[in-house]
Amino acid sequence: MSRIAAVHGVLAPHRHEQREITDLMARTCLPEGADRSLLDRFHRSARVRTRHTVLPLSAYAELDGFGKANDAFVTGASELGAEAVEGALRAAGIAPGQVDLLLCTSVTGIAAPSVDALLAGRLGLRPDVKRVPVFGLGCVAGAAGLGRLHDYLRGWPDHVAVLLSVELCSLTFQRADPSPANLIASGLFGDGAAAAVCCGSERRPVPPGPTIVAARSRLYPGTERALGWDVTDSGFRIVLDPVVPELVREHLADDVDRFLGDHDLKRHDITAWVCHPGGPRVLEAVAEALDLPDGALDLTWRSLAEVGNLSSASVLHVLRDTLAEQRPEPGTPGLLLAIGPGLCCELVLLRW
């Protein structure tokens with residue numbers, strides 16, 4: 001089993017009340033003089049109070065094309081990514097030169113050289129560090145990234161692997177697009193990053209922190225248009241089908257039960273649920289499908305309210321808060337889960 005030595009989350013520098021972003025979207029997404037009641041309703045129902053953006057709100061009017069938005073992504077992702085990795089390594093007590101693998105995931109911008117390559121020298125990583133940039137997993141990538149680090153560390157049990165998730169969702173909001181999907185997304189997503197440091201089972205000294213017991217991936221065939229991006233001249237245009245919560249209700253319980261059953265566990269054995277805050281309807285569907293006790297997702301709901309959905313970084317922020325505040329009983333099992341484009345689910349079994 002691999003061990004999570006530290007998790008560190010960071011947020012973009014500009015913090016706003018939800019109403020400030022709603023007003024910005026009304027000015028940029030809706031035709032002049034249009035009724036904004038639907039936008040206001042969508043943003044209220046997101047149950048988000050505050051969010052962070054990588055740019056001041058006044059700067060978004062200048063992002064009149066994909067190129068400018070992506071330039072802002074490369075700059076912002078490098079800054080937040082460095083802060084997240086440095087904080088995680090410091091918390092783990094591990095020097096940058098000891099890192100053997102850096103897996104970097106984002107779905108809100110592209111870079112070549114990739115963000116991990118741009119950060120390697122800045123962070124002091126070795127020139128021979130292994131790098132895996134990942135694009136396209138979306139919200140599920142925080143959970144999937146931990147699973148892939150675990151897979152790697154099973155083969156290299158004396159190594160150190162780092163997962164970096166950096167998502168600048170505000171740079172993907174579409175101007176002059178009053179579609180329900182864009183209006184919903186503009187009320188839900190925020191900007192942030194997170195990094196997790198993981199060590200193999202033979203790494204010494206053994207760091208404190210939970211172990212990763214196993215991970216499982218699940219694709220739902222025929223759901224490719226339920227969630228994702230359409231890549232257009234103006235950038236990433238969100239695909240968001242209202243059927244997503246129903247797909248969660250249809251599939252999640254069986255997937256979780258089979259996964260836990262393979263480890264002689266049942267849902268009632270789980271002492272902490274670490275769930276990606278995909279949005280109110282998705283969270284309600286997760287709680288109903290798994291018949292979770294009251295309060296099981298409180299930290300996830302709080303994260304949604306305080307910073308919005310940070311795409312792949314969100315579940316790592318919730319994991320950090322679980323470790324710091326909930327402090328599950330040592331030796332008991334936990335489950336980390338996320339839903340993302342594909343449509344897919346990623347499950348990570350933890351032992352606290």
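This is a predicted model: local features need pLDDT of at least 70, side-chain atom pairs count only at pLDDT 80 or more; totals for chains, interfaces and linings use all residues.
Figure 1. Residue R327, which lies just after α10, adopts a positive phi of about 45°. The helix itself comprises 13 residues. From its first C-alpha to its last, α10 reaches 17 Å, close to the 18 Å expected at 1.5 Å a residue. Buried residues of α10 include S314, V315, L316 and H317, and V318, L319, D321 and T322 are likewise buried.

**Figure 2. The open sheet of nine strands.** The strands follow the order β5-β4-β6-β7-β1-β8-β13-β12-β11, and their pairing is mixed. Strands β5 (130-135) and β11 (272-275) stand at the edges; each has a single partner strand, so one side of each is left without a neighbour in the sheet. From one strand to the next, the twist averages 20°.

**Figure 3. Pairing of β4 with β6, and the packing of α10.** Strands β4 (residues 101-106) and β6 (residues 160-168) run in the parallel sense and are joined over five bridges. L103 has L163 in β6 as its bridge partner. Helix α10 (residues 314-326) packs on the sheet, where it touches β1 (2-11), β6, β7 (191-199), β11, β12 (333-340) and β13 (344-351). The direction of α10 makes about 110° with that of β1.

**Figure 4. Surroundings of Q174.** Q174 is located in the loop between β6 and α6 (180-186). Its relative accessibility is 7%, and Q174 therefore counts as buried, the cut-off being under 20%. The side chain of Q174 reaches the backbone oxygen of F236 at 3.2 Å. Leaving aside neighbours within four places in sequence, the contacts of Q174 are C29, N182, T232, S234, G235, F236 and R237.

Definitions and conventions: Residues are numbered from 1 along each chain as its sequence is written. Side-chain values use heavy atoms; hydrogens and water are left out. Two strands pair if DSSP finds at least two bridges between them. Helices (H or I, at least four residues) and strands (E, at least two) are DSSP runs, numbered from the N terminus. Axes are lines fitted to C-alpha atoms, for helices over the stretch in contact, and angles run from 0 to 180 degrees between N-to-C directions. Contact means heavy atoms within 4.5 Å. The expected span of a helix is 1.5 Å times one less than its number of residues. Buried means under 20% relative accessible area, exposed over 50%, partly exposed in between (1.4 Å probe, protein chains only). A polar contact is a pair of N or O atoms within 3.5 Å; within protein, one must be able to donate a hydrogen and the other to accept it, and residues adjacent in sequence count only if both atoms are side-chain atoms.
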